[in-house]
Amino acid sequence: MTDTRDLFAAVPRSEFDTPGKSRGLIDVVRWRYLLNLLVRTGVTTRYRNSVLGWTWSYVRPAAQFLVFWVVLGLFMNLDRGIPNYAVYLFSGIVVINLFSEAFKNATTSIVGNAALVRKVFLPRQLFAVSAVIVAFVHFLPQVGLLLVVCLFLGWVVHVSVLSVLAIFAGMIIVIIFALGLGLFFGAINVRYRDAENIVELMLLLATWASPVLYSWVMVQDAVVKTLGWPQWLVEVYLLNPITQGVELFHYAFWRPATEGMISATGYAGLSMDAMPPGLAWNTLWTFLIAVGTLLIGQTVFRRLEGRFAQDL
């Protein structure tokens with residue numbers, strides 16, 4: 001008969017040093033079958049027992065777009081300063097929706113799966129990662145709708161390889177940034193539920209803190225010309241990963257779809273060259289900021305995850 005002590009001796013001692021802790025995001029790859037199951041469950045249960053079902057993925061952003069377009073575009077005449085304002089607006093809204101859903105769902109993912117966390121050991125990062133992936137799946141119909149509209153406006157005539165790369169770059173930056181923040185606040189939220197309220201405030205500000213409803217040129221004019229503040233404040237504003245994601249989508253969708261309109265009508269509003277300066281370099285810097293946020297979030301998550309079961 002095999003001695004039980006021999007079985008435990010064959011297992012690395014590190015497996016018993018700190019119970020309830022995983023090896024971080026590395027385990028997400030090792031447990032990809034469970035990740036796939038969590039994503040499938042999150043996608044299929046969101047609109048369960050709903051009459052419209054997946055149609056809500058189009059209705060919600062469409063309603064959000066119409067409210068902003070009517071109030072800001074028509075009533076406040078922002079459409080006169082930004083050509084093709086409808087595409088400009090919707091390009092930013094889909095990015096904000098991706099960030100908002102991914103960040104919020106990742107923050108509440110541990111508390112929302114408290115029953116599993118208390119009873120079964122598994123890498124807790126799986127919940128946050130699956131929440132972000134589910135948000136990305138719900139983001140795809142919105143991008144599809146935006147693409148159809150842009151194709152109708154002649155997007156394909158003026159699109160370039162850089163435009164396609166900008167789409168992927170914008171999505172990657174926003175997803176990494178949202179996951180990093182989600183891991184950070186998701187870990188804190190287990191013990192201090194105030195984190196959810198903080199996240200709600202951050203999401204409320206996210207739409208207005210990025211050039212979704214307005215142009216970044218307006219920020220520069222207000223900061224530098226009107227208030228007389230230094231230019232570096234505008235540079236800091238542009239290094240916000242959400243701002244960069246929005247501007248990359250503007251570059252990828254709004255710019256190609258609007259070039260033909262301007263050349264045909266001689267529009268005298270916002271110049272098509274009025275994209276933020278150093279867009280390529282800002283993409284690199286914001287990607288590094290997003291990765292740094294992910295590392296910080298992962299570090300905090302791993303330090304606190306050992307007490308998740310007790311705190312829940």
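Okay, so helices here are DSSP runs of H or I with at least four residues, numbered from the N terminus. This is a predicted model, where local features need pLDDT of at least 70, side-chain atom pairs count only at pLDDT 80 or more, and totals for chains, interfaces and linings use all residues. Residues are numbered from 1 along each chain as its sequence is written, and side-chain values use heavy atoms, with hydrogens and water left out.

Salt bridges to start with: a Lys or Arg side-chain nitrogen within 4 Å of a carboxyl oxygen of Asp or Glu. We have two of them. In one, K225 pairs with D221, with the closest N and O atoms 3.6 Å apart. Those two sit four residues apart in helix α13 (residues 216-226), so about one helical turn separates them. K225 is exposed at 67% relative accessibility, while D221 is partly exposed at 28%. For the cut-offs, buried is under 20% relative accessible area, exposed is over 50%, and partly exposed is in between, with a 1.4 Å probe and protein chains only.

The other bridge joins K104 and E200 at 3.3 Å, N to O. That one links distant parts of the chain, helix α6 (residues 85-107) and helix α12 (residues 194-206), 96 residues apart.

On to the rings. Phe, Tyr and Trp rings (six-membered ring for Trp) pair if their centres lie within 6.5 Å; planes under 30 degrees apart are stacked, over 60 edge-to-face, the rest tilted. That gives nine aromatic pairs. Y85 and Y88 have centres 6.4 Å apart and planes at 20 degrees, so they're stacked. Both are buried.
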